[in-house]
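Visitor: I am new to this structure and would like a close look at one part of it, the charged side chains that pair up. Please show it to me before going into detail.

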Amino acid sequence: MNKITELKQRLVKQASGLVPDESGKPGAEWRSWLGRVCLYREDEGLPTDENGDKMLPLAQICVEELPYVPEELRGIRYLTLFIERDGRLFDEDFPAENGSRWLIREYTAEDELVVKELVVDLNDDECLWGWCKPTPLKSFAIEEEYPGGETIPGKIFREIIDLEEAGELPDLDEWLPEPDFEVCHIVGGYPISIQGEPEFKPGYEFVVQITSNASDDLNIVDNGNLYLAKNRQDGSWQVNYDCF
């Protein structure tokens with residue numbers, strides 16, 4: 001096995017992509033959505049942010065339908081994500097803690113869920129997100145995903161640099177495959193960065209990417225991406241973003 005083949009085997013991951021679904025399949029409330037959350041526990045409603053304003057439903061992910069599920073989501077049936085409406089998520093004290101300007105909820109098989117149609121009355125000038133219309137999503141398998149140069153794990157990246165400097169490896173862009181799947185939201189695998197690797201505190205692993213360009217009506221800051229990472233030890237979440 002040559003060095004390039006070995007490195008590619010160490011770097012490759014499987015992931016799940018999510019794209020708009022126009023099939024009109026029955027039971028849509030129990031599937032994945034962008035711009036809509038249908039599932040709640042009986043005692044739950046729309047969460048409120050630190051100012052007491054109702055958050056917007058951003059996404060519902062049916063984890064059990066995904067072809068590949070990252071280790072951080074094993075045992076989880078659904079994720080639902082809510083976000084504040086006026087862009088304060090990215091204030092100077094970013095990143096905000098889960099529950100203050102954004103909220104992610106996890107549900108397992110033990111949770112009894114019901115369908116609720118809860119919406120926030122919102123004029124276009126009240127939201128800085130270029131808000132998206134509710135869109136059902138379907139998943140597909142990403143059999144092979146490789147990191148971009150900015151998202152290569154640090155230890156392997158240093159090894160690659162050493163090999164390049166020793167003349168034992170060609171430049172990265174000559175052998176590392178670029179993403180060859182359609183623009184989509186991503187669960188697992190690697191984040192697709194715009195200006196640089198999204199940073200998280202130690203112990204957090206990337207899990208979900210919400211992508212502006214995967215949906216016509218969603219604009220995260222400036223055609224950016226929202227990234228969610230989870231801590232395997234304590235189950236807590238962090239958020240970050242990247243944009244043009």
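Visitor: Which side chain meets that of Glu117 in a salt bridge?

Guide: The partner of Glu117 is Arg36, at 2.3 Å from N to O. A salt bridge here is a side-chain nitrogen of Lys or Arg within 4 Å of a carboxyl oxygen of Asp or Glu. Glu117 lies in the loop between strand E7 (113–115) and strand E8 (135–145), and Arg36 in the loop between strand E2 (32–34) and strand E3 (39–41), so the pair ties together parts that are 81 residues apart in sequence. Helices (H or I, at least four residues) and strands (E, at least two) are DSSP runs, numbered from the N terminus. Arg36 counts as buried because its relative accessible area is 15%; buried means under 20%, exposed over 50%, and partly exposed in between, with a 1.4 Å probe and protein chains only.

A note on the source: this is a predicted model, in which local features need pLDDT of at least 70 and side-chain atom pairs count only at pLDDT 80 or more, while totals for chains, interfaces and linings use all residues. Residues are numbered from 1 along each chain as its sequence is written, and side-chain values use heavy atoms, with hydrogens and water left out.

By the salt-bridge rule, the count comes to 16. Another of these pairs is Glu44 with Arg105, at 3.8 Å from N to O. Glu44 sits in the loop between E3 and strand E4 (56–62) and Arg105 in strand E6, so this pair links distant parts of the chain, 61 residues apart. Both Glu44 and Arg105 are buried. They also belong to a network of salt bridges, together with Arg41, Asp43 and Asp111.

A further pair joins Glu159 and Arg10, with 3.0 Å between N and O.

Of its 244 residues, 47% count as buried. Contact means heavy atoms within 4.5 Å; among contacts between residues at least 6 apart in sequence, 71% join residues at least 24 apart.
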